[in-house]
Amino acid sequence: MSIGQQIEVIQQNINEALSRRACSGMSAPQVKLVAVTKNHGVAAMREAVDSGITTVGENRVQEAVGKKNQLDRHVEWHLIGHLQTNKVGQAVAAFDLIQSVDSERLAIAINRVAAQQGKKQDVLLQVNIGNEETKFGVSPGELNKFAHFCSQLEHIRICGIMAIAPYYEDVELVRPLFRELYQLFSGLKHSNLPNTAMQWLSMGMTNDYQIAVEEGSNLVRIGTAIFGSRK
Ligand SMILES: *Cc1c(COP(=O)(O)O)cnc(C)c1O
């Protein structure tokens, strides 16, 4: 299947997951499909954008900056990978949304650079939902404290939370974790912190996006199902 056809299949699957959610009486939000373009070239990216993709996700600053200079399409750029503090300047200049804010130290650095660049940087707070040693993000129990801290920084705007679920052979095992993330998201939404516009619950990738949408995700990050394997 072409990239365009894959995107159509995914949109269809998202719509079906939303219907299942609505059928069980839960609110069914619009879901934003972010195409994860890391390790894929600009030709594939153009094809995706010409097939309706409006937002791309990259995990490395350098790679994204290089592609940004070549793409010649207007898209929104999201950083979804761990950001080192020495790359913050470039990241703030290049990304519309930094999804991967995973420490107070990084939040402070982004805030300082955004102030210098005269920008208010939109960010998501990354939650390590499976408490995995190999993954970045604050633990679910630390999230409220982390959000309170970040909400004091005037040059960042907290727009939601992001998580990468653990990999399970049986994908159904992620459901309770997505449910927990939805609760965390709702809790923060209702706490009305300053410098906060809780819009995005970013959860769901190729393996688990249908379950994520059933559990309330409104932003899925998908690479493999659109572009094939990254090698
Ligand atoms: C690579 C990546 C994705 C996309 O993963 P696929 O399984 O290829 O859909 C999503 N989110 C993050 C943070 C990633 O690093």
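**Notes on the predicted model**

1. Aspartate 72 sits in the loop that runs between helix H3 (61–70) and strand S3 (76–79). The model is a predicted one, and the backbone at this residue deserves a look: phi of aspartate 72 is near 45 degrees, a positive value in a residue other than glycine. Is aspartate 72 buried or exposed? Its relative accessibility is 58%, and exposed means over 50%, so aspartate 72 counts as exposed.

2. Asparagine 192 also has a phi near 45 degrees, again a positive value in a residue other than glycine. Its place is the loop between helix H7 (175–190) and strand S7 (196–202). With a relative accessible area of 66%, over the 50% cut-off, asparagine 192 is exposed.

3. As to the fold as a whole, the secondary structure consists of nine helices and eight strands. Among the contacts with a separation of 6 or more, 61% are accounted for by residues 24 or more positions apart.

4. How does the radius of gyration agree with that of a compact globule? For 231 residues such a globule would have a value near 17 Å, and the protein has 17 Å, so the two agree. Along the principal axes, the C-alpha atoms fill a box of roughly 45 × 45 × 30 Å.

5. Of the 231 residues, 51% count as buried. In soluble globular proteins, nonpolar side chains tend to be buried together. Here the largest nonpolar core has 71 residues, and the members touching the most others are Ile98, Leu125, Ile161 and Leu181.

6. Which residues does leucine 181 contact, leaving aside its neighbours within four places in sequence? They are Val127, Ile129, Ile161, Ala163, Leu201 and Met203.

7. Another core, of seven residues, lies apart from the largest one; Val34, Cys159, Trp200 and Leu219 are among its members.

Definitions and conventions: Residues are numbered from 1 along each chain as its sequence is written. This is a predicted model: local features need pLDDT of at least 70, side-chain atom pairs count only at pLDDT 80 or more; totals for chains, interfaces and linings use all residues. Side-chain values use heavy atoms; hydrogens and water are left out. Helices (H or I, at least four residues) and strands (E, at least two) are DSSP runs, numbered from the N terminus. The radius of gyration is taken over C-alpha atoms; the globule rule is 2.2 Å times the number of residues to the power 0.38. Buried means under 20% relative accessible area, exposed over 50%, partly exposed in between (1.4 Å probe, protein chains only). Contact means heavy atoms within 4.5 Å. A nonpolar core is a set of buried Ala, Val, Leu, Ile, Met, Phe, Trp, Tyr and Cys residues joined through side-chain atoms within 4.5 Å.
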